[in-house]
Structures are given as C-alpha cells and as structure tokens.
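Student: I would like a close look at one part of this model, the place where the two chains meet. Please take it step by step and then turn to the surroundings.

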Amino acid sequence: MALRKTASPAVKLDSLSDVNDLGKPWRFTDEDTGLTVTRSCVWSPPGCHPVGCGLKLYTDENGRLVKVEGDENHPVTQGRLCVRCIALKDYEYNNSRILHPMKRDRDKRGQADAWEEITWDEALDLIEERYTEITGKYGKESFVNFGGTGREGGVSCMTYTAMVWQTPNACYTQSGYACYFPRLAAGTMSAGLVYPEMDYAGCLPGRYDDPEYHVPEAVVLWGKVPTVSNPDGAFGHAVIDLMKRGSKLIMVDSRVNWLTTRAAYHLQLRPGTDTAIGMAMLDVIIREGLYDHDFVEKWCYGFEQLAERVATMPPEKAAEICGVPAEDIIGAARLYANAEAATIQWGLATDQKTNGMQQAQCIIALMAITGNIDRPGGQITTGGAVALDADTEEDDEYMPYMALDDDELRGKMIGLKEYPAYCGMSQNSHADLTLRCMETDEPYPLRIGAFAGNNLLACTSAEPKRWEAAINRSLEFVIGFDCFMTPSIQAVCDIVLPLATVVERDSTVAAAYGSAPLYFGTQNKCVDEGDCRGDLELLYILGKRLNPKRFEEFDSYYDLLQFLRFGKSRMFEELREQVCIQSKNEYYKYEKGLMRPDGAPGFNTPTGRVELYNLGFQQFGDDPLPYYEEPDFSPISTPELLEDYPFVLTTGARTYAFFHSEHRQIPRLRELNPNPLVEINPETAKKLGVVDGQWCRVFNQFGEAYLKAKLTVSVKPDVIHAQHGWWFPEEDGNAPHNYGVCRSNINNLIPNFHVGKLGFGAPFKCMLCNVEGTDENFDTDMQLIQDKFGELR
Amino acid sequence: MEAMGLLIDYELCTGCQSCEVSCKEEHDYPVGKWGIRVLDDGPWEIEPGHYNWNKIPVPSDLCDLCIDRTSRGREPICVHHCLANVMTYGSVCELAKKMDGTKRQVIFTPVYKPYEKLRD
Ligand code: SF4
Ligand code: SF4
Ligand code: SF4
C-alpha cells in the first residue's frame, strides 16, 4: 500500500482549545511542565487491534512516563482516546508485571511459586537447548505456535513460525478460526478483496470534508458495535462522526445496544441466523430492481444464479427464521440499496457460526450489486492483499515473511489435507485438528510450543480445560511471552519472557492491519524497562540464535523491522519524524486496472469479476451460492434439547474497559466492569426466580460458568448473553484454582469441531444453554483490587 | 467572573467512559472516587421497538473543571479525550448559544468540594 510523502496537518476538532499541540514535532518539550513529549501511534500491548491511535507520552527527567494524552495531530483520532490508553500508566507501572525471564520445571506446571528468575542469556540458552533437542527428535513440525488475536504478538505469530521456529504449525487456537479470517477468506475468494472496510475518509487529508469523499447515506453495522470494539483496527467512533453528518444506521444485532436505539432499522435477529437476513435483503434488492445494473452487468459473475438462490429466502421466510418483522428487512434493504453511497461493517459475529462463510458471501454480494465497492463513502479497499508493509509502490519486492519456504515442511501443516482453503490461505494449522493432534499424536506428535499474544485458557479456545489437558499431555516444553502472568502461562508454560509495552520499544503500525487504505504510524519508544523485549525484538533475538542463516542479512533489529514492515525506500528514523502518514488511495480501482496483478481492469478473481457464484467455494467443496443453515444447536435443529437448555446463548459483546482477557488487574479499568456479567431479560429472570446482581450458573451439555446477572431488555426473553475472557488476577494462581479461570469462562459451554464445510466458523455466538440462580457470591471487592494493584511501581 | 461550564450533547454520548477515566488519571482519583460519572438511563421500552437509552455524564463534587489545564488555556482533559466528541468547555453564555432545542443537550456548572463553604 502506498503512502503519501508526508503527514498532512490534522483537521482540528471544534472542542480543542486554541492553545494546543497541533504542528508539534515527534518529540518536543512541554512548555508548561518541562516534560519531554513523545508522539506515537500505538499498537499493543496494552491489547488492542491496530487502530494506531495517536498518543502524546510525557516523560520526566528520570525517563518515567508520568502522563498520557491523546495526540491532536493524528488524522483520524484527533486527540480522542479510549480508556485503555488513557490508563496506560497504570498498565505500564502495574506491580504485577513480568519484568524478567523466569523458568520452572515441567513437573511444576501450575505452581505459581515455582518460578525462578533467570537472565536473558540463560533463557535463550535454555530455549535453544530444548528447541534443538525436541525438534531434533520429532522434527521441526513438532513445534506449534499458539497465536492470539489483534495484538502485535498474535499477528507476528506466522512470522515467528516461518522465520524462527521453522514449523508449518502456527495455530490460532480458536475453533474454526472464528475470528476475522473467515471474512478475509470469503472476501478474497469472492472478489479478491481481503477486507472491504467502511469508508470513513481515514486516508483523506480533508477527512469528511475532503472533496473526494461522500458521506454515506446509510451505514450498516452487522454483528458489530464498533464504538466499543474498535473492530479489526477501525476507529469505531468514526460511526458517530458519520451520524453527526447525517448517515442513517441499519443495525443487524441480536441485542439492543446503545447504537440500535439511534438506528433507523434494528433487525434484532435470533443469534446465528444472519445468513437468512442477508439472503432476504439480496432478494428484496434484486426483485425490486434496486441494484446497480451497470455494475452487475460489467463486474459481477453469476448474478442470475444468485437471484434464483436468494429467491428461495423471501423476507417473509427470513422473518420467521430470524424473528424479525418482514417489513423491517424490506425497509432496511431499500434504505441500503437506494442510498447514493452506503457502507457495511461486518462484525466478528460473521465468523462465529458454522454458516458464517455464507453470511460473508451475502454481505460481499450486497456491497457488490449496489455498486458500493470502492465507491467514496462505500467500501474502501486496498485492491490487494493485507499489507502490513508501508510502501510497496516504491518498493515492489514481495515479502514472503508469513510463509515457510520449505515446501515439504509446509505440506505437513496439520489440517492442510482436510481443510486446504483454511490452512492454505491462513498459513495456520487447523485449530480443531491441532487440538486433536495434541490429544492423539495423529498425524504426528506435537512436542514443543510457544505463545504469541494468546491467553487461550481464558479467552480464545472453546472447551478450555480440554486444551489445557491436551497441551500438558503432549508438549514437553512451552514458552510464554507476555506482560503479565496469565492463567494460560501459569498452567502450561516452562519458561516465560517479559514482553515490552508500546512505550518501551520502537515499532510500526499499519491501521487495520493494512487491509484498508488508512494510515501508517510509528510506535516510538520513550521508556526503558531494562529486561523487557518487544514482539519483533524477540523475533530478531531468537532468529539470530535459532535460524542464523535466515537472519544473516539483518545487522540490527531495525533492519528486520524495515524488512517486515516497510520497504527499502524509507528509514525508520525518517518515518518516525512524521509519526503518522495517511495512505494514498484511488477509488474505482477495478475500472483502472489497479486491482489485479496483471494490470487488467476488473477484480482479482479467476473470472475478473465479483463472483456471486463462487468458483473458489465450489473448488474446495462448498456450495458456490449462499445457503442458510441452522446452527448445530438451536431451537429449530435440536428441539429435543429445549427442555434442558431452553435459551439461545450468545457471548462476547465487548466492553470499553477490557481487551478480551486483558486489563483485569488495572483498578481504574476493572472498576468500570468489576464482575463477569450475564444478561437476562427481566421477564425470563422472573420465571427463573433470578434477581438483578444474583450470581447464576449458566450451563449446557458441554460445561458451566458462573456469572453475575444483569437484568436488561437488551436481550429478548429467549436469549442469554454472557461476557467472555474472564479470570481473576487477584486470586490464587496455583493449580487447580489458576486465578479462577474456570469459574466464569463462558467458553466452557462452547464445543470444538462444529465448523463449516471449508473448516471455518464455530458457534461461539449461537449455542443453547440454561440458567439457574445460586446462593454463591463471588462479587469482586474493588478495594482489594485497589490495594493489590493500585500502588504503582 | 463569567460562569464556566461543560456542554454535553448527550444525544450522541456513547458511554465510552473516557471522560471518567481521564478525570481520574488527571487528578489521581483512586477506585471509588470520580470527578465525573456516566449515568446510564436505559434501555427501557417507551413503546414496542423504541427504547430510551441515554448516557449522561454528570460531573461530581470533585470536578474542578480542570483548573490546572483551563488556567493555561487548554480544554479539560475529559473534553480532549471524549471519543464521541460531544463535550465542549466554555462560558455558559457561549455554550447556551449552541443549544437550539433540536437535540438532547445539557450544560453543567460543577462546583468543586461545595461542602467546604457550608460553614463560611
Ligand atoms: S483503541 Fe487501542 S490504541 Fe486506541 S486508545 Fe484504545 S487501546 Fe489505545
Ligand atoms: S472538567 Fe476536568 S475535573 Fe471536571 S469532569 Fe472533566 S476531567 Fe474531571
Ligand atoms: S467521553 Fe464523551 S462519549 Fe464518552 S462517556 Fe464521556 S461524554 Fe460520553
């Protein structure tokens, strides 16, 4: 993705005083306090997707971070920040951070007091010794790297596996890779577009008033509350900016949330039934002739077949399946299709169902047949692959750092045979089959592993106890790398390395993983925490040890950073002076031959068109057209279970306070949401005899979790929503208690092995459950949290 | 002296709580102490399909209108960080001019530790 030469001056917000720091350089002295201010665009840790918000980091003469403020020079965030960066100091100097490498005997896994502090040299020697010994015995493929979501660490997982560990088995440990990747795969297979993002003028210097931009008349938020989640690296409150400028909202969401109360349409569907809504909206738009005839004629493939297929799902039928009035589906479809420009943000909910690839297919079809792809105010696209790199225009060399270059080894990737689309596209071993492999040693033993920004026992994995047992059964040596001790590291690791935060190391960030033209920033170090290393710094250090030949060309960490993240034409020092540079973009790239590697007009698919009839799906054994399938466990597909489990369970709505399983030890954030909550409709609660604030047991045939009842009409009477990612760093870390990670983990109720035909998607947001009130009281004592973690280092 | 205050377009306050946490960081207020709190009024049904849900940030008796910052000409830190950009600081007369009855708004004129004057 090409960048502009320099940063443009940011558009000033009206609420910003005339005394401000607009136009200040990347590092300056604050006149009032004499403190040194370092401007930075940050990306985890603290956990976050690559939104790359602008920060001003104030350090004193001792190099201590004393204050954090939003940077008004940032083109998109303009000084605004979410609570997690506002409380960055409390994270940075939290007294429970891991600051030195530590090791522990394998037979002491689970013992919180058995860790022994060691030096980096000792740590690296130990890793090299065990790595050489175990992979020597079982092969390089016996290494599995557990990747997590969003953080720089999770995203660098594939780079680690390819360049350092030299294993084919990078594994995002969530069943069906039910996060982000299914959408990427559907986008790529349908249109050669990885992630058609809502266009919020992020790459335009004049932003919403830029002459190139058009404010969309309609914004569809589908299984997504972007204000809270900053999804996939988009600045969520851009939706508010658009609402102020007149955009109307269409929300597809099983819960009433704050945004739905401001929406023109809220399609409050039964969880897991989205594909039916998608097909019905397509049917309305096609039958009423509201589509962009010209675009369909020139740039779509399989329109007639799609029309025929979606005609099997008229709005009345979808209404019955989804529990949404047919006239609302029709009204929403008309509002969307009649808009001059309209845009859709597709959410994680897309991925968290077995039928998710078909939902994604419908959403791409909606974007396409209304002509909104690559239209100003529609879906903005790079027209190519995800590019974490800054500048492939000046520097066109492809950087294959995410793929292993040894084909034979690559062929051993777990799941490549069973799910070639999943494994081939994601360069990940299949999550569910990796679990099975650790349980059975089939097709071969996995014996050594590492964590990359993942806390699977608290957060990512379904049936977490099963994952824990499988890892402890199979892996002889496991490496942890994090800022804080997590329940996952405590339960299964033998060595843990201290991870640096955003203020402790230099790096870069491409907003939204570079999947949309937005901006590219530098993360600028301003604090030295001695023993901590950044995600890519460790990559360099370990690479030099374990794969010295591959790392020969890098003389320093900065060489590696340059290789991985931006081309040879610019240096980090030069980029950092700009702090944040917007991308260049052209709309209507498909007309100009900018979408395909061969330079021909059209889309990067075999037919050169958006494949509404999807040849890729067909090739890998799925139906080329979208179809609706009930969730595996639902009132319709398993009515016999309703007596025991009468409610539909949906999980994982985001909170402002936390990034997934992080931040529970930050008092000022924990205070915003002290307890794990389960949302129950007041009518239902009355029948169950549950009162507001009572602790409940939520359970089904797979497991149980204890959460605190929040009675709210956010959920319909037959739906239960539970928060995710909970553990309690204030509690005992020793096994079996392990910070109470089992007690409230809603993933105890989610099974593995309910994935779609291509291997993608899992039912994290559409299970069945029951609820009962208990006499237990697990209320968090906030004073205890303050006493334990409030005193900063 | 001109009365200064905070104008909040609560119609689009998302409840992000950036104001709450910013204020705590700026003033070093620990757990249990706040300079501003976001009142969460909803969701409750007005009529089928229509809900009342307003997030209304209410300054507490610990709000000093960021005197340290505002005396240097800067806006309060909650205003600076507000994700929805719905807070404005200024003189009440100027702020009132921005109210025309077409959207949900409120002006607050907090007083810092008002109890200190009770025995004056
Ligand atoms: S969205 Fe991410 S980068 Fe932005 S302020 Fe929040 S935590 Fe920081
Ligand atoms: S004006 Fe300052 S003191 Fe008052 S609520 Fe906002 S941040 Fe707190
Ligand atoms: S910071 Fe702004 S949007 Fe967020 S809760 Fe406060 S007033 Fe509302």
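Student: What area is buried between chain A and chain B, and what percentage of that area do carbon and sulfur atoms give?

Tutor: The model is predicted. In it, about 3800 Å² is buried between chain A and chain B, and carbon and sulfur atoms give 55% of that area. On the residue level, chain A brings 45 residues to the contact and chain B brings 42 residues.

Polar and charged pairs come next. Across the interface of chain A and chain B, 24 residue pairs are in polar contact, with both residues at pLDDT 80 or more. Salt bridges between chain A and chain B number 7. In one salt bridge, the side chain of Arg74(B) meets that of Asp21(A), at 3.0 Å from N to O. On the side of chain A that touches chain B, at least two residues each come from strand 4 (65–70), helix 1 (83–86), helix 2 (88–92), helix 8 (238–244), helix 24 (667–670) and helix 26 (782–789) of chain A. Strand 4 of chain A supplies the largest share of that side, 4 residues. Sorted by class, the side of chain A that touches chain B holds 19 nonpolar, 12 polar and 14 charged residues.

Now to the ligands with residues of chain B around them. The shell around ligand 2 consists of Cys23(B), His27(B), Gly35(B), Ile36(B), Cys63(B), Asp64(B), Leu65(B), Cys66(B), Pro76(B), Ile77(B) and Cys78(B).

Ligand 3 is surrounded by 13 residues, and the closest are Cys13(B), Cys16(B), Cys19(B), Pro57(B) and Cys82(B).

Thr522(A) lies in strand 20 of chain A, residues 519–523. Its relative accessible area is 1%, so Thr522(A) is counted as buried, the cut-off being under 20%. Leaving aside residues up to four places away in sequence, Thr522(A) touches Ser40(A), Cys41(A), Ser507(A), Thr508(A), Phe572(A), Leu575(A), Arg576(A) and Val579(A).

Methods
Residues numbered from 1 in each chain as written. Chains lettered and ligands numbered in written order. Predicted model: local features only at pLDDT ≥ 70, side-chain atom pairs only at ≥ 80, totals over all residues. Heavy atoms only, no water. Near = heavy atom within 4 Å. Contact = heavy atoms within 4.5 Å. Buried area = accessible area lost by both parts, 1.4 Å probe. Salt bridge = Lys/Arg side-chain N within 4 Å of Asp/Glu carboxyl O. Polar contact = N/O pair within 3.5 Å; in protein donor to acceptor, adjacent residues only side chain to side chain. Nonpolar A, V, L, I, M, F, W, Y, C, P; charged D, E, K, R; others polar. Buried < 20%, exposed > 50% of the residue type's maximum accessible area, 1.4 Å probe, protein only.
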